[in-house]
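Subject: Structure handover

Hello,

Here is the structure I promised. My notes on the helix packing and the sheets follow below it.

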Amino acid sequence: MGKTIAQKIIQAHLVSGDMTPGSEIALRIDQTLTQDATGTMAYLEFETMGIPRVKTELSVAYVDHNTLQCGFENADDHRYLQTVAAKHGVYFSRPGNGICHQVHLERFGKPGKTLIGSDSHTPTGGGIGMLAFGAGGMDVAVAMGGGAYYITMPKMFKVNLTGKLNPYVTAKDVSLELLRILSVKGGVGAIVEWGGPGIASLSVPERATITNMGTELGATTSIFPSDEVTHQFLIAQGREEDYAPLASDADAVYDRIIDIDLSALKPMIACPHSPDNVVEVESLKNVKVDQVCIGSCTNSSLFDMLKVAAMLKGRTVAPGVSLSISPGSRQVLTMLADCGALSDILASGARVLECACGPCIGMGFSPNSAGVSLRTFNRNFLGRSGTKDGQVYLVSPETAVASALTGFITDPTTFDGDIQVQMPEKFKINDSAVLPPLSVEDAANAEVLRGPNIKEFPKSEPFADSMDGQILLQVGDNITTDHIMPAGAKILPYRSNIPHLSQFCFEVCDPTFAQRAKQAQHSGIIIGGSNYGQGSSREHAALVPMYLGIRCVIAKSFARIHVANLINAGILPLTFADPADYDALQQDHVLHLQDIRTGMADGKLDVTDKTTGKHFTAQCNLTQRQQAILMAGGLLNYTREGGQ
């Protein structure tokens, strides 16, 4: 039986385990990346391990999230990241050099290599044929130290593309169409491979948009073949030596096959407040627009920006609309300036922001009260924009520009004029903003600089064999890590200060949660619905609850990265054997968990609601390694004790 692209890469990097879907496998990791919102904690964890130098082929620390320096906190974190990277063998991408996924695609990504990053959109690398995973910072720290990355062997999905995109229909529309088909839960436990004759017409930036958005499906990752399109992109980036052809076997077997005819697609739009709330743009043509944001790791490539500039040339943004443009990298910004496209953008009345994540992570440019904001981003979760009642829609750059010019949501296929954008034969290369690490000799005496906002890593406790826990919060389906641990300009500067950060935990759901957790008489328990913890890979959504005394989360189902982060933080993740038991529970009930060690091994725990006397069964689907991590009180404790 033939193999898929992902199966070939997994087999080549398999350290241990059986490549049967559902079984645990351990992978050797070639590259890692971190960004500053999660990276500070990842490097604190790496330092705690006591390993002097990273053991990967390449590790890069990016600064692209917390770039607003309204006080000393972010600047101190950036200084820490630069010095800790230099000392431990990590390349450092300076603030302003660009968004981690865009820069990594341009300068470092290699077909056939494995990559994990402390950012959920690391699968962007699949656009160039990498097997790239989003992960928690602790998993990244372990990989930097030479440890394996453990995941459940995924199922294999295939999306066959036929036809060719019509003018003003884009890769973003392809992604939104798949989200409409599968939903934000439809890719859970699967790797999505893209193929078919239609991929030949998609550039690497377009492919990267699609693999980036695959994260919103809940997929483990997404990947394209490495073909002549990939080859030409690497040649243009001056990296032809990094090219390696990669394709699935003709007789590869997939668990599900989805067919999409590119020529039949229309411009799509995701409505508030979920990426899978997708309709055709035309159906919303009378909706007034207040704000438009173009950029993020999804749609900030030179390819996207040149199309934006061509549509804006000689035109002016509607009076009631505020338009921002965030180029994805310094390379993109420089080339826009050199060819005159930047002038066309500025002349339209648009505001050009820094080459950073910016509004996507709630770092500035929030919409007005109840404002309608069209964004070329990947997420439109409630409150993520920084405005609690902001109405955020996800669109392609073409739809974004057409709407900014008219002041209403506008189908770009009605746009007057045609745009033709070609990928350059050679990109402008200047890596001066990527600082190499110190030599081993110089690193020995190098100082790592820490500011007062960087606090010690919180300590978790080993599990006893039984516990009483108070239900401190009960939430519904599709709770995101933005609900658990919000982002935004007011909160992000405290990513390295868990005690301060804790006061914002679950603020979106219940502003009293943090205070109640601190005052609780028992350990804390969270009750969740299905797909609990979807969204960002931020491990703070596990570390902060752990700091507040949460020892267990019982949910109908979990998102992949978040359940791994809970285990790494020493929080027991359980699922309801009977989802109806969810309805019988209420906040402040006290639950008793008996024979935890035995229950972990048996795959189920008996839980007693001491408030009502009701018993129910919770499933505990953990590997032996995960059980050992939890009994040790988390991955750092487990690693210190010699666990692998």
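In helix 2, residues D36, G39, T40, Y43, L44, F46 and E47 meet D77, H78, Y80, L81, V84 and H88 of helix 3. Contact here means heavy atoms within 4.5 Å. Helices are DSSP runs (H or I, at least four residues), strands likewise (E, at least two), all numbered from the N terminus. The residues of this contact divide into six nonpolar, four polar and three charged. Ala, Val, Leu, Ile, Met, Phe, Trp, Tyr, Cys and Pro count as nonpolar; Asp, Glu, Lys and Arg count as charged; the others, Gly among them, count as polar.

This is a predicted model: local features need pLDDT of at least 70, side-chain atom pairs count only at pLDDT 80 or more, and totals for chains, interfaces and linings use all residues. Residues are numbered from 1 along each chain as its sequence is written, and side-chain values use heavy atoms, with hydrogens and water left out.

Back to the helix pair. Helix 2 (residues 36-49) and helix 3 (residues 72-88) pack at about 45°, with axes 10 Å apart. Axes are lines fitted to C-alpha atoms, for helices over the stretch in contact, and angles run from 0 to 180 degrees between N-to-C directions. The two helices are therefore oblique to each other (under 35 degrees is roughly parallel, over 145 roughly antiparallel, 65 to 115 roughly perpendicular, the rest oblique). Their crossing is left-handed, meaning that the near helix is turned anticlockwise from the far one by less than a right angle.

An open sheet of six strands runs 7-6-3-4-5-20, with mixed pairing. Strands pair if DSSP finds at least two bridges between them. Strand 7 (131-134) and strand 20 (434-435) stand at the edges with a single partner strand each, so one side of each has no neighbour in the sheet. Helix 2 packs on this sheet, touching strand 3 (31-35) and strand 4 (58-62); its direction makes about 115° with that of strand 3. Strand 5 (residues 91-93) pairs with strand 20 in the antiparallel sense over two bridges. There, S93 has V434 as its bridge partner.

Seven strands close into a barrel, in the order 21-22-23-24-27-26-25, and the pairing is mixed. Strand 22 (residues 523-528) and strand 23 (residues 550-555) run parallel, joined by five bridges. I527 stands opposite I554 in strand 23.

Best wishes
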